[in-house]
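I opened this model to note down what I could look up in it. My entries follow, one topic at a time.

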Amino acid sequence: MLCLRGLRRLKAVLHFYGNTGVRGLAEISGAVRQTDNALVQMENPYKEPPKGCVLCNTAVDYKNTQLLSQFISPHTGCIYGRHITGLCGKKQKEIAKAIKKARAMGFMSVTHKHPQFMKDPSICGVKYVD
């Protein structure tokens, strides 16, 4: 019976302070001191690295046929799309314009890739069947 009276008194005191938990009792009595458990500011470990295209820091010129030949099919001469090259929209448009200008000026072949550039390493990661 005494225990119930004590709990009622305790509940009244805790209710006055707005906390009805045991932790609230310890904080009121001063038994538990505040420690340095502040949140530590750190970078998100699950954040993906920013994506960037291969040519974002490179100037595209229509006279650089070796670079432009990396973005056309060796057999048909078609310009690869963004999903194959992995370029951003801005650079893909610049590459397409530069290839068309180089073809119009006569620097590049329209129907196929120049044999001199067939052994170059592939920027876009397209595998050809030889």
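I started just after α5, where G106 takes a positive phi of about 95°. Helices here are DSSP runs of H or I with at least four residues, strands are runs of E with at least two, and both are numbered from the N terminus. I kept in mind that this is a predicted model: local features need pLDDT of at least 70, side-chain atom pairs count only at pLDDT 80 or more, and totals for chains, interfaces and linings use all residues. Residues are numbered from 1 along each chain as its sequence is written, and side-chain values use heavy atoms, with hydrogens and water left out.

**Helix α5**

I checked the length of α5 next. Its 17 residues should span 24 Å at 1.5 Å a residue, and the end C-alpha atoms are 24 Å apart, which agrees. The expected span is 1.5 Å times one less than the number of residues.

Which residues of α5 are buried? I found K91, Q92, I95, A96, A98, I99, A102 and R103. Buried means under 20% relative accessible area, exposed over 50%, and partly exposed in between, with a 1.4 Å probe and protein chains only. The buried residues of α5 pack against α3 and α4 (82-85).

**K91**

I then looked at K91, found in helix α5. Is K91 buried or exposed? It counts as buried, at 9% relative accessibility. A polar atom of its side chain lies 2.8 Å from the backbone oxygen of T58. Leaving aside residues up to four places away in sequence, K91 touches C53, L55, C56, T58 and V60. Contact means heavy atoms within 4.5 Å.

**The aromatic pair**

I searched the whole structure for aromatic pairs and got one. Y62 and F107 form it; the pair is tilted, with 5.8 Å centre to centre and 50° between the planes. Y62 lies in the loop between α2 (22-29) and α3 (65-68) and F107 in the segment after α5 (89-105), so the pair ties together parts that are 45 residues apart in sequence. Rings of Phe, Tyr and Trp (its six-membered ring) pair if their centres lie within 6.5 Å; planes under 30 degrees apart count as stacked, over 60 as edge-to-face and the rest as tilted. F107 is partly exposed, at 45% relative accessible area.

Key. Polar contact = N/O pair within 3.5 Å; in protein donor to acceptor, adjacent residues only side chain to side chain.
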